[in-house]
Amino acid sequence: MAAMIAFVQGPVAVVGAGVAVVEVGGVGMAVQCTPSTLSGLRVGEVARLATSLVVREDSLTLFGFADDDERATFEVLQAAPGVGPKLAQAILGVHSPEALRVAVAAGDEKALIAVPGIGKAKAAKLLLEYKDKLGAPHGTVPAQKPVASGPAPWHEQLHSALVGLGYAPREADEAVSRVAPDAEAQAVPDVGALLRLALRGLNRAR
């Protein structure tokens, strides 16, 4: 069932908190995406997203990804016991597929604990679960692409991403303030890197 819609392609109609709407044949397809994927979309521009359709008794949810590697990783992640699509997406919101392969190969519990909703015990279980399923790292971990100028400034993108990952608006406000000096030091703020930095601060505060 998950392969029924392999990708969507068309003009981007909406980019919101955790979701993009892509017009396909006159129909607006709502696609759940990670903050890093959303940061590469621009309203009015044509986008192509690899997709995975998650079917539940009471819902059909389309998840979108920057490429096929991200989609394949998502499908491996959510197949693990106790990991649903939302948590799988949250993991990819913090780590790229290659960074995740590196972390699992190295048995890096801290990398998984950085994901909201994963504690030490669950991280240890997931490392064992994913060890032989994600595959070996392909090489070096690719750098996050700088976010081009768009309709929302970095602080709005970051705030929306944190709220989408389950943090309260007040916590998101505080996290955005903490990373502001780092963002201001960059010519073009990298929302993906700022998100990881904000999550580390939030995890220490809890």
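Predicted model: local features only at pLDDT ≥ 70, side-chain atom pairs only at ≥ 80, totals over all residues.

Colleague: How many helices and strands does the protein have?

Modeller: There are 9 helices and 5 strands. Helices (H or I, at least four residues) and strands (E, at least two) are DSSP runs, numbered from the N terminus. Along the sequence the pattern reads β-β-β-α-β-β-α-α-α-α-α-α-α-α. Of the 206 residues, 42% count as buried.

Colleague: Ok, which residues of the largest nonpolar core touch the most other members?

Modeller: Leu 77, Ile 118, Tyr 130, Trp 154, Leu 158 and Leu 162, out of 42 residues in that core. Several elements supply at least two residues each, including β5 (59-65), α2 (68-78), α7 (154-164) and α8 (169-184). Apart from it lies another core, of 12 residues, among them Val 12, Val 22, Ala 47 and Leu 53. A nonpolar core here is a set of buried Ala, Val, Leu, Ile, Met, Phe, Trp, Tyr and Cys residues joined through side-chain atoms within 4.5 Å.

Colleague: What does Leu 162 touch, not counting residues up to four places away in sequence?

Modeller: With those left out, Leu 162 touches Tyr 167, Ala 172, Ala 175, Val 176, Leu 195, Ala 198, Leu 199 and Leu 202. Contact means heavy atoms within 4.5 Å.

Colleague: And Val 179, where is its place?

Modeller: Val 179 is in helix α8 and counts as buried at 3% relative accessibility. Leaving out residues up to four places away in sequence, Val 179 touches Trp 154, Leu 158, Leu 194, Leu 197 and Ala 198. Its C-alpha is 9.4 Å from that of His 155, 24 residues apart along the chain.

Colleague: Switching to helix packing, at what angle do α2 and α4 pack?

Modeller: About 45°, with their axes 9 Å apart. Axes are lines fitted to C-alpha atoms, for helices over the stretch in contact, and angles run from 0 to 180 degrees between N-to-C directions. That makes α2 oblique to α4, since angles under 35 degrees count as roughly parallel, over 145 as roughly antiparallel, 65 to 115 as roughly perpendicular and the rest as oblique.

Colleague: Which residues make the contact?

Modeller: Asp 69, Glu 70, Thr 73 and Leu 77 of α2, with Pro 97, Leu 100 and Arg 101 of α4.

Colleague: Is Glu 70 buried or exposed?

Modeller: Buried, at 8% relative accessible area. Not counting residues up to four places away in sequence, Glu 70 touches Thr 34, Thr 37, Phe 65, Leu 92 and Pro 97.

Colleague: What about Phe 74, which helix does it lie in?

Modeller: Phe 74 lies in α2, buried at 0% relative accessibility. Its contacts, again beyond four places in sequence, include Val 54, Phe 63, Pro 85, Ala 88 and Leu 92.

Colleague: And how many residues of α3 are buried?

Modeller: 9 of the 10, so α3 is largely enclosed by the rest of the structure. Among the buried ones are Pro 85, Leu 87, Ala 88 and Leu 92.

Colleague: Last one: where does Ala 136 lie?

Modeller: In the loop between α6 and α7. Ala 136 counts as exposed, at 55% relative accessibility. Ala 136 and Glu 98 are 38 residues apart in sequence and 9.0 Å apart in space, C-alpha to C-alpha.

Methods: Residues numbered from 1 in each chain as written. Heavy atoms only, no water. Buried < 20%, exposed > 50% of the residue type's maximum accessible area, 1.4 Å probe, protein only.
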